[in-house]
Amino acid sequence: GDWGDAGDRVEKGEKKAGAIAAHWEGSSKEYEESLALDQAREESERTKEDEERKIERKRRRDEERETERKLQEELKKTRAIEKANKALEHKKAALPIEPAIDALSILAVMPDATRLPMRFLATDSIASLYARVEVRNLEISLSNYGVKFDLMKQELGAPMLVLDDLTLSLEEAGLAGGTLLRVRMDD
C-alpha cells in the first residue's frame with residue numbers, strides 16, 4: 001500500500017511540477033513577448049531618431065550649400081563690380097581732355113533718355129566718341145559694363161545712320177557742333 005501512495009504522490013508531484021513548469025513557461029513566453037515588444041519599440045524609436053537626425057543633417061547641409069552659393073554669388077558680383085570699376089578708371093584715364101575752345105558740342109541720348117553732352121575736336125575719331133559714351137554709360141551704372149551699343153546720327157528728315165567706321169574723324173563722318181546722337185544698346 002505504501003507504494004501506491006508513493007506512486008500517487010509522485011504522480012501528483014509530477015503534475016504539480018508540470019503545472020509549475022507550464023506556469024513558468026507561460027510566464028517566460030509572456031516575458032519574452034513583452035521583451036520583444038519593448039525591443040521593437042526601442043528599435044522603432046531609434047529608427048525614428050535616426051531618421052530625424054538624417055533629416056536634420058540634410059537640412060543643415062542644404063542650408064550650408066545655400067549659404068555657400070549665396071557667398072559665391074556675392075563674390076562674383078563683387079568681382080564684376082571691381083572689374084567694371086577698374087575698366088572705368090582705365091578708360092577714363094585714356095580719354096583725351098574735353099577741349100574748351102574750337103570744340104564740337106555733341107549730345108548723345110541714352111535709351112533711358114539720359115542726355116550726355118560732350119565736347120570734341122573735329123579731328124577726334126569716332127572711336128573716341130564711342131569711348132566717351134562708354135565711360136559716361138559706366139558712370140551712370142557699372143552694370144552697363146560690357147554692354148555693346150551703337151551710336152546713331154540723327155538728322156531731321158533723314159534716316160538714322162549708324163556710325164560704325166571708328167577710324168573716321170568726326171569731321172570726316174559729317175558730325176558738326178550740335179549733332180544729336182542716339183545710343184542704341186545691343187540686346
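How many helices and strands does the chain have? There are two helices and five strands. The model on screen is a predicted one. Colour the chain by secondary structure and follow it from the N terminus: the elements run α-β-β-α-β-β-β. Of the 187 residues, 20% count as buried.

**Stop 1: helix H1**

Select residues 2-94, which make up helix H1. Show the side chains of Arg 65 and Asp 62, which meet in a salt bridge at 3.3 Å, N to O. These two residues are three apart in helix H1, so about one helical turn separates them. Arg 65 is exposed, at 54% relative accessible area, while Asp 62 is partly exposed, at 32%.

Next, select Arg 69 and Glu 73. Their side chains form a salt bridge too, with an N to O distance of 2.5 Å. Here the spacing is four residues in helix H1, again about one helical turn. Arg 69 counts as partly exposed at 39% relative accessibility, and Glu 73 is partly exposed at 36%.

Now pick Glu 56, Arg 59, Arg 60 and Glu 63. A network of salt bridges links these four residues. Over the whole structure, a search finds 15 salt bridges.

**Stop 2: a charged patch**

Select Glu 42, Glu 45, Glu 49 and Glu 52. Together they form a patch of negative charge on the surface. Glu 49 belongs to helix H1 and, with 39% relative accessibility, counts as partly exposed.

**Stop 3: an aromatic pair**

Which two residues form the aromatic pair? The structure holds one such pair. Select Tyr 130 and Phe 149: their rings are stacked, 5.4 Å centre to centre, with 25° between the planes. Tyr 130 lies in helix H2 (residues 126-140) and Phe 149 in strand E3 (residues 149-154), so the pair ties together parts that are 19 residues apart in sequence. Tyr 130 is buried, with a relative accessible area of 13%. Phe 149 counts as buried as well, at 10%.

**Stop 4**

Is Asp 150 buried or exposed? Asp 150 is buried, with a relative accessible area of 18%. Arg 184 is partly exposed, at 38%.

How values were computed:
Residues numbered from 1 in each chain as written. Predicted model: local features only at pLDDT ≥ 70, side-chain atom pairs only at ≥ 80, totals over all residues. Heavy atoms only, no water. Phe/Tyr/Trp six-rings, centres within 6.5 Å; stacked < 30°, edge-to-face > 60°. Buried < 20%, exposed > 50% of the residue type's maximum accessible area, 1.4 Å probe, protein only. Patch = residues over 30% accessible without salt bridge, like charges linked within 9 Å, V, L, I, M, F, W, Y side chains within 5 Å. Areas by Shrake-Rupley, 256 points an atom, 1.4 Å probe, with all protein chains shown as cover. Lys, Arg positive; Asp, Glu negative; His and termini not counted. Charge placed at Lys NZ, Arg CZ, Asp CG, Glu CD.
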